[in-house]
Amino acid sequence: MALFIKHVGFNFPTNFGKALAVSMTQYRTIYGDQYLGLDGYRRTKMRAADQMGSVKAKFCDRMQQYLEQPDKNMIFTEDLKSIVHLAETEEDVTLALKMMKQFNQQNKEMRCRYKIMFDCVSLNIKL
């Protein structure tokens, strides 16, 4: 899984009045697996799969329940990491995306709450 750049055709002027046409096709990787950290991701994915084992279905069901009741339940960073590493099917990826959206939304709300609390404390206002 690497990105490639393709270099083709150069014209080099010569002392004989004609341009020497050189056609080269060369591939060079921009982002290799090791630079993107894909090897580490694969190891972590395997480790997460080994740790979860047969509990993956229960975990996915529990996360689905959390998404259905966002006011009562919070999605934590470790849950989000686990579902990303465990995602294998299209349903798992959809669940991970929903969890990311919910996680982002709840963090926005938490940041807003902390900002209001900090502003009230700094302005010496009692809540």
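The structure is a predicted model, in which local features need a pLDDT of at least 70 and side-chain atom pairs count only at pLDDT 80 or more, while totals for chains, interfaces and linings use all residues. Residues are numbered from 1 along each chain as its sequence is written, and side-chain values use heavy atoms, with hydrogens and water left out. The pLDDT (the predictor's confidence in each residue, from 0 to 100) averages 76 for the protein, and 65% of the residues score at least 70. Over residues 1-12 the pLDDT is below 50, although this stretch has 39 contacts in the model beyond near neighbours in sequence, a contact being heavy atoms within 4.5 Å.

Helices are DSSP runs of H or I with at least four residues, numbered from the N terminus. Helix α2 (residues 38-52) packs against helix α4 (residues 77-86) at an angle of about 100°, their axes lying 8 Å apart; axes are lines fitted to C-alpha atoms over the stretch in contact, and angles run from 0 to 180 degrees between N-to-C directions. This angle makes α2 roughly perpendicular to α4 (65 to 115 degrees; under 35 is roughly parallel, over 145 roughly antiparallel and the rest oblique). Y41, T44, K45, A48, A49 and M52 of α2 make the contact with S82, V84, H85 and L86 of α4.

Helix α3 (residues 56-68) and α4 pack at an angle of about 125°, with axes 11 Å apart, which makes α3 oblique to α4. Here K56, F59, C60 and M63 in α3 meet D79, S82, I83 and L86 in α4.

The structure holds 4 salt bridges, each a side-chain nitrogen of Lys or Arg within 4 Å of a carboxyl oxygen of Asp or Glu. In one of them, D39 pairs with R42, the closest N and O atoms being 3.3 Å apart; because D39 and R42 are 3 residues apart in helix α2, about one helical turn separates them.

Conventions. Helices (H or I, at least four residues) and strands (E, at least two) are DSSP runs, numbered from the N terminus.
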